[in-house]
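Subject: Structure handover

Hello,

Here is the structure for you to open alongside this note. My findings follow below it.

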Amino acid sequence: MTEEVRAETGARRGFRLHNIAVPARPLEPALYLVATPIGNLGDITLRALETLAGADVLACEDTRVTRVLLDRYGIQNRPFAYHEHNADEAGPRLLQALEAGKSVALVSDAGTPLVSDPGYRLAQQAIEAGYRVIPIPGASAPLAALVGSGLPNDAFLFAGFLPTKDKARRDRLAEFANAPATLIFFESPHRIGATLFAAADVLGGARQASVCRELTKTYEEFRRGTLSDLAVHYEEHDNVKGEIVLVIGPPKEQPATEADVDAILTDLAKSLPTAKAATEAARLTGLPRKVLYQKLLVMKAANG
């Protein structure tokens with residue numbers, strides 16, 4: 001390798017931070033799934049910058065969008081388009097690069113690749129072919145919306161985009177109605193009003209929710225309230241702009257009725273001693289074990 005080629009390669013495989021040139025180390029052959037900012041370009045990680053600069057092949061959803069990020073950090077790597085419209089053609093070329101022992105980095109326009117984009121197909125194909133797939137974590141719109149929503153985050157379910165047709169949208173929402181988790185959806189600004197009304201009808205208007213708009217950008221907004229209140233607001237304000245994540249809180253737990261408790265105790269008493277049956281019933285219903293134990297004794301006495 002000549003000195004000129006070494007110099008050119010060294011310049012290309014690097015990035016800049018506050019006018020400081022940072023060289024990028026060579027990457028081992030693998031498919032790197034690189035998370036990029038969802039709005040604020042300052043949210044990129046150092047590991048992501050080094051990967052974007054050092055990859056032999058850089059694949060992206062839209063070269064114009066990715067070029068803005070690369071220019072911001074002085075990365076000279078040339079992006080290669082890979083998206084849902086050219087995946088059948090571009091995918092095999094990327095797999096050929098992996099076969100040739102090259103490192104391939106994949107980014108989407110914003111956020112983490114494979115989340116609501118065709119990147120999962122490439123990752124699946126790479127795994128099936130025996131290549132390493134290495135995630136480079138970073139920005140994620142669903143997680144940013146979840147932590148900013150103020151809703152429970154001990155269990156959550158990300159469901160991507162809802163169907164555009166009203167009936168299909170309501171059917172989809174009904175599938176999640178009783179899920180004991182906070183629900184996260186992507187939604188477009190011109191459909192958010194209709195989606196909120198459908199969600200209020202299907203899930204109940206009293207459920208807490210948050211409309212998270214333009215996350216990490218200049219006009220970032222979190223509008224919180226019940227599904228009914230939010231639906232009314234967006235009906236009155238139909239000129240919504242920007243990217244939206246809709247977060248809906250989990251359903252409230254319904255206390256067990258007396259009939260439910262009796263049925264549970266009767267069923268448990270068939271296979272467990274009285275004390276253990278009361279303990280298990282307390283776990284299932286949240287009621288005091290002592291109360292359930294006494295109730296079970298009364299039921300057994302009544303049945304002889």
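Tyr32 stands opposite Ile134 in strand S7. The model is predicted, so local features need pLDDT of at least 70, side-chain atom pairs count only at pLDDT 80 or more, and totals for chains, interfaces and linings use all residues. Residues are numbered from 1 along each chain as its sequence is written, and side-chain values use heavy atoms, with hydrogens and water left out.

Strand S3

Tyr32 belongs to strand S3, residues 31–34. Helices (H or I, at least four residues) and strands (E, at least two) are DSSP runs, numbered from the N terminus. S3 runs parallel to S7 (residues 133–136), and four bridges join them. S3 also pairs with strand S6 (residues 104–107), again in the parallel sense, over three bridges. Two strands pair if DSSP finds at least two bridges between them. Leu33 is placed opposite Leu106 in S6.

Which residues cover the two faces of S3? Leu31 and Leu33 are on one side, Tyr32 and Val34 on the other, and all are buried. Buried means under 20% relative accessible area, exposed over 50%, and partly exposed in between (1.4 Å probe, protein chains only).

Helix H2

Helix H2 covers residues 46–54 and is mostly covered, with seven of its nine residues buried. Those buried are Ala48, Leu49, Glu50, Thr51, Leu52, Ala53 and Gly54.

Pockets

Rolling a probe the size of a water molecule over the atoms shows where empty space is left. A pocket here is an open set of points on a 1 Å grid over the protein atoms alone, where a 1.4 Å probe fits, with protein on both sides within 12 Å along at least five of seven lines; lining residues have an atom within 4 Å of a point. Grid points are joined across faces, edges and corners, and a volume is the space filled by probe spheres set on the points.

The largest pocket has a volume of about 950 Å³. It is lined by 37 residues, and the closest to its centre are Glu61, Asp109, Ala110, Gly111 and Glu243. Helix H3 (63–72), helix H6 (141–149), strand S9 (182–187) and strand S12 (244–248) each give two or more residues to the lining. H3 gives the most, with four residues. The lining divides into 18 nonpolar, 11 polar and eight charged residues. Ala, Val, Leu, Ile, Met, Phe, Trp, Tyr, Cys and Pro count as nonpolar, Asp, Glu, Lys and Arg as charged, and the others, Gly among them, as polar.

The second largest pocket has a volume of about 160 Å³. Its lining is Leu151, Pro152, Ala206, Arg207, Gln208, Gly249, Pro250, Pro251 and Lys252. By class, that is five nonpolar, two polar and two charged.

Aromatic rings

Rings of Phe, Tyr and Trp (its six-membered ring) pair if their centres lie within 6.5 Å; planes under 30 degrees apart count as stacked, over 60 as edge-to-face and the rest as tilted. The count comes to three aromatic pairs. One is Phe176 with Phe185, a tilted pair at 6.0 Å centre to centre, with 55° between the planes. Phe176 is buried at 9% relative accessible area. Phe185 is buried too, at 0%.

Phe185 lies in strand S9. Phe185 and Phe158 are 27 residues apart in sequence, yet 6.2 Å apart in space, C-alpha to C-alpha. Ring pairs also link Phe158, Phe161 and Phe186 into a cluster.

Cysteines

How many disulfides does the model have? The count is zero, where a disulfide is a pair of cysteine sulfur atoms within 2.5 Å. Cys60 is buried, with a relative accessible area of 0%. Cys212 also counts as buried, at 0%.

Backbone

Most residues other than glycine have a negative phi. His18 has a positive phi of about 50°. His18 sits in the loop between strand S1 (14–17) and strand S2 (20–23). Glu214 also has a positive phi, near 55°. Glu214 is in the loop between strand S10 (208–213) and strand S11 (221–226).

Is each buried or exposed? His18 is exposed, with a relative accessible area of 77%. Glu214 is buried, at 15%.

Best wishes
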